[in-house]
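Welcome, and please open the model in your viewer.

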Amino acid sequence: MKRLLLFLLLPLAACGTLPEPFYGDPGRVGAQLAVPPAPVLVVPAPGAALLDDASAALYAKDLAAALVYHDVPSIARSANKHDWRLLTTATLAGNNVIPHYVIAGPDGKTYGNVDGAPADAASWANGDTAALHSQAEADAGKLATRLAAANAVVQQGNPNSLENRPPRLFMGSVTGAPGDGDQALALAMTRNLPGPDDELVDTRNRADFTITGLVKTQPDPHGQILVELDWSVYDTNNRKIGQVTQLHDVMPGDIVPYWGDVAAAAGQEAAGGVQKVIQNATLHRTPQPAA
């Protein structure tokens, strides 16, 4: 094996500081929580923010879009009692308007208060489109950070949360490999994935993260085979949170009909990369730099 390269492809959502409970269906466990994670953060049009109705609706849409950019799934609409809500008011301070935001849970409790950046009072009162858009963008980053803190409070009180237990991993299928590669690679990953910080489970519905493998091969000019192994990591909502890619130059006899030591080496190397992807995607660990 002459070349062995490892790449981690991590989207922003895998950095470990984002409000993950706002993703997806809270599921069966959610109903047991004092504050079940919501599938989306609702941003109602503010009625007490010194804006007319049309401008208030526009600002809610701008704010929801800006939060989505910061990886907080949000939608501008009227809220009901089961929603997590971002409530906006505003006060006049000289020639400026100061927006005030409250993060409210479905239990009626307040989980955070954030003051926005000062806005020009005239532009705000006139509902200037560019000014409202800029204000939403300016405040969204601070709100995303506060939402992450609110998320941590919720998760720390949940014994089933990843804040309080190791993540459960399920090794799914490997496809595309010649010879016995599909089976050999899956077995090698199964042997290497479990560790003190991770637990391997035997069914997908028990897992927090599922790993699958895709193998691509092509001949190279030197009589060898270039093998690309793509290991994808998915969360419980089947959302891809990261990928580990390996490139191997091997002789045809190294993988056909049996992968043997090649599968063992690939599995050991890839398992470390997968563990870093998962580590960076969970809030209860210190994110590690990607290799």
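Leaving aside its neighbours within four places in sequence, which residues is V274 in contact with? Select V274 and look around: M189, L193, I211, W231, V233 and V244 are in contact with V274, where contact means heavy atoms within 4.5 Å.

A word on what you are viewing. This is a predicted model, in which local features need pLDDT of at least 70, side-chain atom pairs count only at pLDDT 80 or more, and totals for chains, interfaces and linings use all residues. Residues are numbered from 1 along each chain as its sequence is written, and side-chain values use heavy atoms, with hydrogens and water left out.

**The whole chain**

Show the chain as a cartoon to see seven helices and 12 strands; these are DSSP runs (helices H or I, at least four residues; strands E, at least two), numbered from the N terminus. Of the 291 residues, 47% count as buried, with buried meaning under 20% relative accessible area, exposed over 50%, and partly exposed in between (1.4 Å probe, protein chains only).

Next, select L185, M189, I211, W231, W259 and V274, the residues with the most contacts inside the largest nonpolar core, which has 31 residues. Such a core is a set of buried Ala, Val, Leu, Ile, Met, Phe, Trp, Tyr and Cys residues joined through side-chain atoms within 4.5 Å. Elements giving it two or more residues include helix 5 (181-192), strand 10 (209-219) and helix 7 (261-281). Helix 7 provides the largest share, nine residues. For a second, separate core of 30 residues, select A49, L51, A119 and A136, which are among its members.

**A hairpin**

Now colour strand 11 and strand 12, which run antiparallel and are joined by 10 bridges; strands pair if DSSP finds at least two bridges between them. V233 stands opposite G242 in strand 12. Five residues lie between the strands of this hairpin, and N238 takes a positive phi near 60°.

**Charged pairs**

The whole structure has four salt bridges, each a side-chain nitrogen of Lys or Arg within 4 Å of a carboxyl oxygen of Asp or Glu. Select these in turn:

- D230 and K216 meet at 3.7 Å, N to O. D230 is in strand 11 and K216 in strand 10, 14 residues apart. D230 counts as buried at 7% relative accessibility, while K216 is partly exposed at 41%.
- D235 and R239 meet at 3.2 Å, N to O. D235 is buried, with 12% relative accessible area, and R239 is partly exposed, with 21%.
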